[in-house]
Amino acid sequence: MRLSDRARTLPESGIRKFFELAEARDDVISLGVGEPDFSAPWAARTAAIDSLERGKTSYTSNRGMAALRERIADHHERYDQSYDPESEILVTTGASEAVDLAFRALVDPGDTVAVHEPTYISYGPGIELAGGEQLTVPTRAEDDFALTRESLEAAGAAEADLLVLCYPNNPTGATMTDEELAEVAAFCRDEDLRVVADEIYAALTYGADHASIATQPGMRERTVVVNGFSKAYAMTGLRLGYALGPADAIDAMNRIHQYTMLSAPTTPQYAAIEALDRCDDEVTEMVDEYNRRRRLVVSRFNEMGLDTFEPGGAFYAFPECGGDDEAFAEELLEAEGVAVVPGSVFGEGGEGHLRVSYATSMRELKEATDRIASFVEGR
């Protein structure tokens with residue numbers, strides 16, 4: 001069958017290659033998976049089960065259940081964000097759909113979209129599918145991978161139409177402070193950039209509260225914030241996310257959503273209501289456990305000579321491995337049975353690094369870091 005040029009030229013996921021290599025063996029410890037190793041909180045699962053038993057299997061409103069949107073609005077007050085649940089919130093099939101809808105609603109063919117790298121691998125293809133052109137803005141290890149006004153200016157982002165911001169960051173675990181975001185916000189206001197802020201890891205921060213660019217002066221009206229239930233509530237397979245933003249942007253996203261998805265899945269919406277109502281303690285417990293693992297992994301990497309800055313969020317470490325990160329990852333998998341993801345998969349600035357997920361048990365992390373230390377020593 002003849003395929004479209006767009007489909008034929010779309011690259012394969014660079015992460016998938018290493019998953020497939022790891023799946024070919026049965027002795028592998030995988031530190032490559034970007035999802036929690038916990039199950040969704042029991043109260044949320046019970047709410048989902050109860051909704052099915054009561055036959056709640058019909059479509060919901062295109063925008064999502066009103067009760068859920070109201071709770072999302074209440075939930076985001078903790079981040080100093082205020083949104084009208086009637087007109088400024090859209091429930092989506094995962095945060096990934098929200099990002100895709102934002103690109104399709106905000107990007108015209110030929111528009112330039114600035115993306116800081118290293119970052120999540122789906123942005124580039126999503127921009128391409130929306131008809132846009134990506135402009136890469138490198139971030140640096142010496143800045144702890146925070147985005148700076150200087151890096152935006154050096155990359156020519158003043159000519160861009162849209163900026164994609166991902167903090168806490170996948171793959172680096174980097175976060176940004178209000179002071180750092182103020183510089184980026186000033187650049188956006190000066191150059192009239194709109195922003196898509198992917199904040200899916202907002203609840204997973206260590207030592208400091210999450211800061212959002214949408215709370216900076218003059219940024220709420222030019223920012224679409226994306227979040228969801230996959231990471232904080234360990235609900236990846238239930239595929240539920242949402243977008244918050246100005247009413248005109250959310251309305252445009254909903255017009256696309258109603259033709260492509262109609263509405264987000266009903267069952268996880270019931271689970272999400274319960275999660276927001278009753279599961280903060282479980283989230284705190286998960287964050288505390290991630291923090292313990294984070295300290296272990298960062299300490300072990302630095303001890304073995306793989307320089308690693310201290311990530312402030314998400315559940316990834318991003319150690320330097322020196323030289324060819326793809327060769328390092330392949331040789332590590334072959335020699336020691338530990339799967340990690342080469343940093344170069346995530347774009348410019350990721351070369352010479354590895355993405356290591358600590359969303360796995362302490363026992364496996366201790367064993368995996370012992371194996372990596374043995375590999376580094378013998379290399």
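User: At roughly what angle do the axes of helix H12 and helix H13 cross?
Analyst: In this predicted model, helix H12 spans residues 325–336 and helix H13 spans residues 362–378. Their axes come within 10 Å of each other. Angles of 65 to 115 degrees count as roughly perpendicular, and H12 is therefore roughly perpendicular to H13. The crossing angle is roughly 110 degrees.

User: Is the crossing of H12 and H13 left-handed or right-handed, and which residues of H13 make the contact?
Analyst: The crossing of these two helices is right-handed. H12 contributes Phe328, Glu331, Leu332, Ala335 and Glu336 to the contact. By class, the contact of H12 with H13 has six nonpolar, one polar and three charged residues. On the side of H13, the residues are Arg371, Ile372, Ser374, Phe375 and Val376.

User: How far apart are the axes of helix H4 and helix H10?
Analyst: Two packed helices are described by the angle between their axes and the distance between the axes. For H4 (residues 66–75) and H10 (residues 266–278), the angle is about 35 degrees, and the crossing is left-handed. The distance between the axes of H4 and H10 is 10 Å.

User: How many nonpolar residues does the contact of H4 with H10 have?
Analyst: From H4 the contact takes Ala67, Leu68, Arg71, Ile72 and His75. From H10 it takes Gln269, Ala272, Ile273, Leu276 and Asp277. By class, two of the contact residues are polar, two are charged, and the nonpolar ones number six.

User: Which strands stand at the edges of the seven-strand open sheet?
Analyst: The seven strands are arranged in the order S2-S8-S7-S6-S5-S3-S4, with mixed pairing. Neighbouring strands of this sheet are turned by 20 degrees against each other on average, direction ignored. Each edge strand has a single partner strand, so one side of each is left without a neighbour in the sheet. The edge strands are S2 (89–92) and S4 (133–138).

User: Which residue of S8 is the bridge partner of Ile89?
Analyst: S2 is joined to strand S8 (residues 241–244) by four bridges, and the two strands run antiparallel. Within this pairing, Leu90 stands opposite Ala243. The bridge partner of Ile89 in S8 is Leu244.

User: In S8, which residues point the other way from Gly241 and Ala243?
Analyst: In a regular strand the side chains alternate between the two faces of the sheet. In S8, Gly241 and Ala243 point one way, and the residues on both sides are all buried. Those that point the other way are Tyr242 and Leu244.

User: Which residue of S8 stands opposite Val226?
Analyst: S7 and S8 pair in the antiparallel sense over four bridges. In S8, the residue opposite Val226 is Ala243.

User: At about what angle to S2 does helix H9 run?
Analyst: Helix H9 covers residues 247–260. This helix lies across S2, strand S7 (223–228) and S8. Relative to S2, H9 runs at about 30 degrees.

User: What is omega for the cis peptide bond that joins Tyr167 and Pro168?
Analyst: Pro168 is located in the loop between strand S5 (162–166) and helix H8 (178–191). Another cis peptide bond runs from Glu117 to Pro118, with omega near 5 degrees, and Pro118 has its place in the loop between strand S3 (112–117) and helix H6 (123–129). For the bond from Tyr167 to Pro168, omega is about -10 degrees.

User: Is Phe145 buried or exposed?
Analyst: Phe145 lies in the loop between S4 and H7, and its phi is near 60 degrees, a positive value in a residue other than glycine. Asp144, found in the loop between S4 and helix H7 (149–155), also has a positive phi, of about 55 degrees, and counts as partly exposed at 40% relative accessibility. The cut-off for a buried residue is under 20% relative accessible area. With a relative accessible area of 2%, Phe145 is therefore buried.

Notes. Residues numbered from 1 in each chain as written. Predicted model: local features only at pLDDT ≥ 70, side-chain atom pairs only at ≥ 80, totals over all residues. Heavy atoms only, no water. Axes fitted to C-alpha atoms, helices over the stretch in contact; angles between N-to-C directions. Parallel < 35°, antiparallel > 145°, perpendicular 65-115°, else oblique. Left-handed = near helix turned anticlockwise from the far one by under 90°. Contact = heavy atoms within 4.5 Å. Nonpolar A, V, L, I, M, F, W, Y, C, P; charged D, E, K, R; others polar. Pairing = 2+ DSSP bridges. Buried < 20%, exposed > 50% of the residue type's maximum accessible area, 1.4 Å probe, protein only.
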